[in-house]
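Please read the following briefing alongside the sequence and the model. It goes through a helix and the loop after it, then charged pairs, then an aromatic pair.

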Amino acid sequence: MATSLHSSSTIARRLTFSPRFSGPDPKSVSFPSQLSRTIPPLKSTASRTVVRAVAVTGSDQAMELDISLSPRVNSIKPSKTVAITDQATALVQAGVPVIRLAAGEPDFDTPAVIAEAGINAIREGYTRYSPNAGTLELRQAICRKLQEENGISYTPDQVLVSNGAKQSIDQAVQAVCAPGDEVIIPAPFWVSYPEIARKADATPVIIPTSISENFLLDPKVLESKLTERSRVLILCSPSNPTGSVYPKKLLEDIAKIVARHPRLLVHSLYLN
């Protein structure tokens, strides 16, 4: 059956379909059938994805492949930080002197002692899958750090190691938020927070702060914004991007409000 995609033909051609951008390594899919030719892109979908069709040997009909993205993914806006960083990189490559203030990374190379430790770990064979929570030795070291530097006691089974802060925040919000829940975000804020909330089908609720109050969250304003759908409060001290540090008394006032809302969880970053 030459027109069937389930043919047992041993001849398999590769059908290439590409999104709206082109690159050296386009995505491709293999069909276990005799594919005579590919037809140029037919149309662009609402999700800005180019769709290609394939004509099968012995048939005048073309099968259109829908590779559009989900509404959830399409609802996420590109990171402004990444956009600015890419623009700065392009300027540097063009010979323009640029002081980069976009991505939050050091302006120096990885310290030699850390680089050597990583190289030695690879040479010694520490390249296999680790436990999902992270290696026990690393979690024990994190516990010692928290106890010695921060006066906080945790056990290794209470520590989860991730690839970075964004992964931890994203997975935490997805784990606790249901569709329609609210994520409370004081402004100015790190640009990824609203998109992380939307990715979890939650609603970002932005609470403005003022420079006259050092960009600190007013407990009364916070309480006026809380509803039965409030699920996560983003509260970072020092704040990114303002650098504001919350005084102990202000944190205690906010903690009293949070205690009256059992569903409300607090996300805090930048422990030191």
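Just after α2, G95 takes a positive phi of about 90°; helices (H or I, at least four residues) and strands (E, at least two) are DSSP runs, numbered from the N terminus. This is a predicted model, in which local features need pLDDT of at least 70 and side-chain atom pairs count only at pLDDT 80 or more, while totals for chains, interfaces and linings use all residues. Residues are numbered from 1 along each chain as its sequence is written, and side-chain values use heavy atoms, with hydrogens and water left out.

- Helix α2 has 14 residues and reaches 20 Å from its first C-alpha to its last, close to the 20 Å expected at 1.5 Å a residue, where the expected span is 1.5 Å times one less than the number of residues.
- At the start of α2, a side-chain oxygen of S79 comes to within 3.3 Å of the backbone nitrogen of T81.
- V96 is placed in the loop between α2 (80–93) and α3 (112–123), and at 36% relative accessibility V96 counts as partly exposed (buried means under 20% relative accessible area, exposed over 50%, partly exposed in between, with a 1.4 Å probe and protein chains only).
- V98 is also found in the loop between α2 and α3 and is partly exposed, with a relative accessible area of 30%; V98 and A88 are 10 residues apart in sequence and 6.7 Å apart in space, C-alpha to C-alpha.
- L91, V92, V96 and V98 form a nonpolar patch on the surface, with about 250 Å² of accessible area together; patches are made of residues with over 30% relative accessible area and no salt bridge, like charges being joined within 9 Å and nonpolar side chains (Val, Leu, Ile, Met, Phe, Trp, Tyr) within 5 Å, and the areas come from the Shrake-Rupley method with a 1.4 Å probe, where for residues only the protein chains shown count as cover.

**Salt bridges**

- The count comes to 8 salt bridges, a salt bridge being a side-chain nitrogen of Lys or Arg within 4 Å of a carboxyl oxygen of Asp or Glu.
- One of them joins D170 and K199, whose closest N and O atoms are 3.2 Å apart, and this pair links distant parts of the chain, with D170 in helix α5 (residues 165–176) and K199 in helix α6 (residues 192–199), 29 residues apart.
- D170 counts as buried at 15% relative accessibility, whereas K199 is partly exposed at 29%.
- The side chains of D181 and R229 meet in a salt bridge of 3.0 Å, N to O; D181 lies in the loop between α5 and β6 (182–187) and R229 in the loop between α7 (219–225) and β8 (230–234), so the pair ties together parts that are 48 residues apart in sequence.
- R263 forms a salt bridge with D181, the closest N and O atoms being 3.2 Å apart; because R263 lies in the loop between α8 (248–259) and β9 (265–267) and D181 in the loop between α5 and β6, the pair ties together parts that are 82 residues apart in sequence.
- D181, R229 and R263 are thus linked in a network of salt bridges, in which D181 is buried at 1% relative accessibility, while R229 is partly exposed at 31% and R263 is partly exposed at 34%.

**Aromatic pair**

- The count comes to 1 aromatic pair, where rings of Phe, Tyr and Trp (its six-membered ring) pair if their centres lie within 6.5 Å, with planes under 30 degrees apart counted as stacked, over 60 as edge-to-face and the rest as tilted.
- The rings of W190 and Y193 have their centres 5.2 Å apart and their planes at 85°, so the pair is edge-to-face.
- W190 is buried, with a relative accessible area of 18%, and Y193 is buried as well, with 6%.

Conventions. Polar contact = N/O pair within 3.5 Å; in protein donor to acceptor, adjacent residues only side chain to side chain.
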